[in-house]
Amino acid sequence: MSANALKNHEIPFAPCRSHHSNFWTDMGLNYYHILKRVRQARKLVIKGTTAAGSGHPGGSFSMAEIMGCMYSKFLRCDPKNPLWDGRDRLVLSKGHASPGLFSNLAVAGFFDRSEMESLRKLGSRLQGHPDFKCPGVEFCGGSLGLGLSFSIGLALAAKMDGKNHHIYTVIGDGESDEGQVWEAAMAGSKFRLDNLTVFLDRNFIQQDDYTERVMPLDEELLGDDISEMWKNAARWRVGDKWRAFGWNVLEIDGHRIEQISKVVNSVLQTKGTPSIIIARTIKGKSVEHMEDNPKWHGVAPSPTISPIIELEIDCQFLIAPSIIAGDMSNLENEVKRASHGRSDFIHLDVMDGQFVPNRTFDHEKIRQLRPITTIPFDTHLMINEPVKHVRDYIEAGSDIITVHAEVCDESSFGEIRDILRSNETSLGLAINPETEIPTWAEKFIPDLDQLIIMSVVPGKSGQKYIESTHEKTQRISKFLQERNFQGLIEADGGVDLSNVESCFLDGARVFVGGSAIIGQKDVRLVISEFRKRLMHARRKLLITKAHSLGGADLVTKWIDLHEVGKKKSELVQIAKESGFL
Ligand code: DX5
Ligand code: ZN
């Protein structure tokens, strides 16, 4: 299958086609490919529900990464031939989250993205609940509790017919109040349906309230701070229920692409039992005022607020600790510290003693580190002639590979792009403090997943941030936006708690931290501090946006939506500091 076909999803997916050698799979993670599609799908959900004036954004967003992984990576399907007999089937049992399904179908190419604006309109193929008239829909969900029984029928039929397609079913936790779910659970294990995998979108919220107040699946939660209490994994019991029914049960963070990917690869190897993936999710994930708020189960955003939400979806950020700032004789431990700290990436600085004077490690070390964590490896190659070496770094388990503009030209970078793409590895370009984006690189901008703007002269960690990088990043960020850049800018070098907010406001969205993260004693604490600062910067940006669209009235209207916890008072404070209230 050609790289272009993969991108456009024009022909059926052929599994196991790459030579990537991650320890859990022989496929690449394709991290940015999925990330971008998840973002596009979320924006389509906002478009559709806003145009309809109704719909269910909350449950569409809690399952957004799951759906994105399935449609971008795992489902064998053919958008141009939706009824192809050999296709895998994805049954959305929690049918009210139909915008979350339709948006993924649109992104995958089953129909035009503009059709999302017809959501819930008379005569549209996209209704409030999935219907067969929409290409790609496998089940007319609506009445809850039925999708799993239907899926069991599909899985049994496939077995009887000797077919090898897989059935995936997405159920909700509120939906699990229905007795039929548990009857189906018994049948699934009785018939040993190993061609069936269920995702439980465990967002802890149903139509009217928190699930644990309506009908506890885990433990009854009493007290005021419910949305905090269920974050404690020690209280989760629902997996045990499914285990008791004889299912293969796996528990993950349902917003982590790498965990979803790993677990799906694992269930595809499981024989003799059906599997259920309990995905811990956040209702309304990625839009702060919707997150964890039962009100957003089934309410559409208002047209004045939607542009702010779209910006918020575009402003997600990632933290990438650089392990060379730690103990070089025990990098295994540095990876563990980063992963315990819940970093988004592990940033791996490869130096060859030629492109930069220092030497760090090479692909052999990366291969040894790979089994320690599923967190994506963000490999930054500070080496000469990268085109000669990228295959080694793919095979060692890198998920993102960034090469330096100073040692590439149009031809070698084009070759690197093709090698990475055909191995489902994400593509990065890095520029030194003295370097601008070369003219030859401009044609690659729409393909770039990541642009590293160095804010120190590469070569070692612990240097001071070069102040002029702020201006440079702002300028480049604008330049990229005008050229259909879909990736993220990564700030690398001297980023710390004092400047990370400015880096965000410049336009960076991935933040490398060497001495400021790995160099610190408590990595977990410092990463959470980074996140707090970034959140503060994002709120500032969104308030500014609201003000530019509708003055103080819109700022107040938007802030008022933030009902859970202390969000509202914190936002009022920021708005006042910024002079908008
Ligand atoms: C510099 C590297 C950076 C660096 C980060 O050559 O690319 O990733 O090690 O470390 P700090 O954050 O300490 O500058
Ligand atoms: Zn780096």
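**View 1. Helix α17 on the sheet.** Helix α17 (residues 468-481) lies across β10, β11 and β12, at about 160° to β11. Here lying across implies contact, that is, heavy atoms within 4.5 Å. Axes are lines fitted to C-alpha atoms, for helices over the stretch in contact, and angles run from 0 to 180 degrees between N-to-C directions. Helices (H or I, at least four residues) and strands (E, at least two) are DSSP runs, numbered from the N terminus. The model is predicted: local features need pLDDT of at least 70, side-chain atom pairs count only at pLDDT 80 or more, and totals for chains, interfaces and linings use all residues. Residues are numbered from 1 along each chain as its sequence is written, and side-chain values use heavy atoms, with hydrogens and water left out.

**View 2. The open sheet of eight strands.** The strand order is β6-β13-β12-β11-β10-β9-β8-β7, with parallel pairing; two strands pair if DSSP finds at least two bridges between them. On average, neighbouring strands are turned by 25° against each other, direction ignored. Strand β8 (residues 377-382) runs parallel to β7 and is joined to β7 by six bridges. Val 350 has Leu 381 in β8 as its bridge partner.

**View 3. Helix α2 between the sheet and α5.** Helix α2 (residues 31-52) lies across β6, β9 (400-404), β10 (426-431), β11 (450-454), β12 (488-492) and β13 (510-513), and runs at about 125° to β12. The axes of α2 and α5 come within 8 Å and cross at roughly 125°. This angle makes α2 oblique to α5, a class left over when angles under 35 degrees count as roughly parallel, over 145 as roughly antiparallel and 65 to 115 as roughly perpendicular. Residues of α2 in the contact include Arg 37 and Leu 44, and those of α5 include Asn 104 and Val 107.

**View 4. Helices α4 and α5.** Helix α4 (residues 64-74) packs on helix α5 (residues 98-108) at an angle of about 30°, with the axes 10 Å apart. That makes the two helices, α4 and α5, roughly parallel. Met 67, Gly 68 and Tyr 71 of α4 meet Gly 100, Leu 101, Asn 104 and Leu 105 of α5.

**View 5. An aromatic pair.** The whole structure holds 12 aromatic pairs, with ring centres within 6.5 Å and planes under 30 degrees apart counted as stacked, over 60 as edge-to-face and the rest as tilted. Phe 317 and Phe 504 form an edge-to-face pair, 6.3 Å centre to centre with 85° between the planes. Phe 317 is in the loop between α12 (306-314) and β6, and Phe 504 is in helix α18 (residues 500-506), 187 residues apart.

Notes:
Chains lettered and ligands numbered in written order. Phe/Tyr/Trp six-rings, centres within 6.5 Å; stacked < 30°, edge-to-face > 60°.
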